[in-house]
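Take a moment with the sequence and the 3D view before reading on.

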Amino acid sequence: MAGKRATTPKRTSPAAVTATDEAVSTAEKQRENTSSSGFIFVKGARQHNLKNIDVKIPRDKLVIVTGVSGSGKSSLAMDTIYAEGQRRYLESLSTYARQFLGELNKPDVDFIEGLSPAIAIEQKTVSKNPRSTVGTVTEVNDYLRLLYAHVGKPVCPNCHKPIIPQTSQEIIERIIQLPEKAKVQVLAPMARQKKGTYQDDFKKWKSQGYVRVKVDGDVKSLEDPITLDKNKKHDVAIIVDRIALAPGIKKRLADAVENALRLSDGLVFVELGDGSVQEYSEKFACPTCGMTFAKIEPRMFSFNNPVGACPRCSGLGSMLTFDPELIVSEVDQPVYLSGLQNVPGFGNVNSYSWRMIKELFRHFGQDFEAPVNELDKKFLEVLLLGSGGEKIEFNFEFGGGEDQDFQYTGKVKRPWEGVFKTVNRRYMETNSQMARDYYAQFMSEKLCPDCGGKRLRPESLSVLVDGKNIHELSDFSIREIMEIMEGLERTLSDQEKQIVKDVIKEIKGRLSFLVNVNLDYLSLNRMAGTLSGGESQRIRLASQIGSSLVGVLYVLDEPSIGLHAKDKMQLIKMLKKLVDLGNSVLVIEHDEDFMRNSDHILDLGPGPGVHGGTVVAQGTVEEIASDPASVTGRYLSGNDCIEIPLERRQAGGAYIEVKGARENNLKGIDVRFPLGVFCVVTGVSGAGKSSLVNEILYKSLARAINKAKESPGKHDRILGANQIDKVIDIDQSPIGRTPRSNVVTYTKVFDDIRDIFASTQEAKSRGYTKGRFSFNVKGGRCENCGGSGFLEIEMHFLPNVYVECSVCKGKRYNAETLEVRYKDKTIDQVLRMTCEEAMDFFANHPKIKQKLKTLLDVGMGYMELGQIAPTMSGGEAQRMKLAKELSKPATGKTLYILDEPTTGLHFVDIKRLLSVLQELVNRGNTVVVIEHNLDVIKAADWVVDLGPDGGAKGGHLVAEGTPEDVARDEKSHTGRFLRKVLGI
């Protein structure tokens, strides 16, 4: 959960458990008073930094939980209320089911009354699996596959003519046309990529008189036992007959074909002597070229099923292949200095490979010392890709030195394989994983040459609905697919409508929910891993709205992430719709529009970490705004605000320019990024911001300056890269994925802390070195949990959870290590300090103090030193990275790129963050931020606004200039909202 250490709840002492009758009766009275009052009543919440608080949250309302970062919002909403709802659900399951799920610890709270079944919609991306797309996540793909299986019209992938059924007579005539004496096997396919052992089937076929079967490509006798793995998918076919074609054989062939068709429900395979197989069907076949189709079924349209997936790329749509630009990266140098010398096998210019290349230069009359970009283009093509069938004469001369016993001179004439084919062959032939890992740096993701990124087999792509195959349909935006479905209902025949009316209804219903949460610009083919946290959260929200549940408690973690001001009201309407259905909606949020449209606000604080955990104010937006104790209220009332800069930095003559940006939906635009200023890139969701900044700007500069191997997005060129000396992308990806990664390990503070503990008198007397205080190596750590302090429990259909180690009680170390103390603190107690507390504790250690100060500067003072990476939000991970960069010596001329750094930040925290970013610019650096937050946009020196809308309607440069310039632009949606905050 965002910003919270995943610790086990505090154990209640035996004395407290043995409560007096008076205390029990008091608790019972409290329960009676609150159970029917229309509230969720939380009594004595102490989870993490919560200070034994009592909270009454109105049911069936839109309630906002707000407060500064680290004030306890997630501890209350997620780790107490939702966690208790989840725990109670697990307790309702049978004992048998619970033994597979483990136990969830009870949150540290006295009791919670009025709790409904709870659903959490958190800030987690859907999936990084390359097989996961918007269509698969929303399950729209499942219904599209049904649609294509039932009303799709197959066409021949070769001649594009409609596929029509074949009769058994037509199949026999085609086989008879094969050359005389050709040997064929007639097979009846009984299973294609299906699981099972087929033991009963084998017995049945044997009793019917069949002798052989073909299983997974191997011929088996039914007389022998055949053992198959029931958990693996198999291809099974009966060998009906083996025939040598000759005059008079037609009747026998006809019997075999008809038997095969009968056995396999209209399918027959004919295997020729060379091993090739011709497939025939009574149902579908091309009358011109003989192309036949197997039975059209839903799995044929799934790229996650072998029946439908492209065989070349296994349904991924892309392949890891050697990239010419990564192998020959320095085209202004001779070929032996172009980067090829770094590839295995080409390191020594006197090697066999280089002798061959020199002979190639001689044969074509090219200068071996000439830069690669000055070589003849046709020769360069031969050098890199091979000479094909053309044979080239190579002269070899080996030996002749004093220490060599032989000398050989000879000539050979043969085709030249080509550098890329040579490298690829060596990569495929090596058995060394180390060598494969080294080769990988010269490889990049490329579209599959067979399917062109469409993921499916040609047969699957040849089934059309309304003239479009399933990939073409999924490439449209969600709003466009909605329109296509509307038109489809008018063009289908009455019989087809009857078959798929429910399917189309489901598709339209799911798409309409995505439209309602402002995701109409996405396509179903969009990779789930490329979605922002806000987009993935809204996809889950859409599915929950579609389920139409009543009486549920929804807990959302900042649904406004990634949402432009233009789209916020639509999302708020969706949340209110959930309330109108009879649900309670609890939202962790900092956005002002969400607060002003809520029914109730719960403001926690007053500060972060140990300074928070109490209820500062509670009530309507007016009541919060009028409460002098509430920091949030001061911003809502206007008594406090994030100021507009008195003077903006002028964009000078130095720019980095991106020319012809065409990645994703970008429309070939030219964009300037002035250097030495604070620049914000904005626009509605799906406008092309990430494509421009993350895919093109960052990757191009990283490749040019940092020699990174990443391939940038599509664009013509980038100018001005020589004006900066470093580019740093501070994104929201986790700093680690296990409990071993935490604040001190990431910032390298732990090295210094372990040095201090190792230098204590107690450690020296025991012979303990620095390594004794590491939880990543054996010696001082707890071996039950391997030094992580937690045990991960597989929850199967629920997210995995971490539970405290029962041996070390979450302390990570064994008892002997914990006997060593510094200033009367064990290393575990130090790891449980907040950064703010640690600043005072290590006041006499400048190196540690300096690193911790940067964490405080970016608003992370509330975090514990040992807070584990899996519990950090994306915004916290990003600020951790920012703090790490701030702790490094300033060089100037650095370009920093941040993607929505305001994620999880309160008004107070945004103010602090802006001062940090402005300080980076004051040091001579450039900061480029992708952001929707108007307080950040108004503080910028330069704004690049993309749009005007998302998806196909986006990708244009709408406006650029100062915030005032953008605010005056009538075409800019961002400008419309900026006018209000700038007072224009």
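A residue is called buried here when its relative accessible area is under 20%, exposed when that value is over 50%, and partly exposed in between. Please keep in mind that this is a predicted model.

Asn-141 has a relative accessible area of 12%, so it counts as buried. Who are its neighbours? Leaving aside residues up to four places away in sequence, Asn-141 touches Thr-133, Gly-135, Thr-136, Phe-303, Ser-474 and Leu-524.

Now for the charged pairs. Side chains of opposite charge can pair when their charged atoms come close. Across the whole structure, a search finds 52 salt bridges.

| Salt bridge | N to O distance |
|---|---|
| Asp-241 and Arg-252 | 2.8 Å |
| Asp-567 and Lys-566 | 3.5 Å |
| Glu-657 and Lys-659 | 3.6 Å |

What does the bridge between Asp-241 and Arg-252 tie together? Asp-241 belongs to strand β10 (residues 233-244) and Arg-252 to helix α9 (residues 250-263), so their pairing joins parts that are 11 residues apart in sequence. Asp-241 is buried at 17% relative accessibility, whereas Arg-252 is partly exposed at 40%.

The pair formed by Asp-567 and Lys-566 can be read in the same way. Asp-567 is buried, with a relative accessibility of 6%, while Lys-566 is partly exposed at 32%.

Let us finish with the nonpolar packing. In soluble globular proteins, nonpolar side chains tend to be buried together. The largest nonpolar core in this model has 141 residues, and Leu-147, Phe-678, Ile-753 and Leu-882 are the ones with the most contacts inside it. Which helix gives this core its largest share? That is helix α32 (residues 907-922), with 8 residues.

Not counting residues up to four places away in sequence, Leu-882 touches Ile-730, Val-858, Leu-898, Leu-913, Val-916, Leu-917 and Leu-920.

How values were computed: Residues numbered from 1 in each chain as written. Predicted model: local features only at pLDDT ≥ 70, side-chain atom pairs only at ≥ 80, totals over all residues. Heavy atoms only, no water. Buried < 20%, exposed > 50% of the residue type's maximum accessible area, 1.4 Å probe, protein only. Contact = heavy atoms within 4.5 Å. Salt bridge = Lys/Arg side-chain N within 4 Å of Asp/Glu carboxyl O. Helix = DSSP H or I, 4+ residues; strand = E, 2+ residues; numbered from the N terminus. Core = buried A, V, L, I, M, F, W, Y, C linked by side-chain atoms within 4.5 Å.
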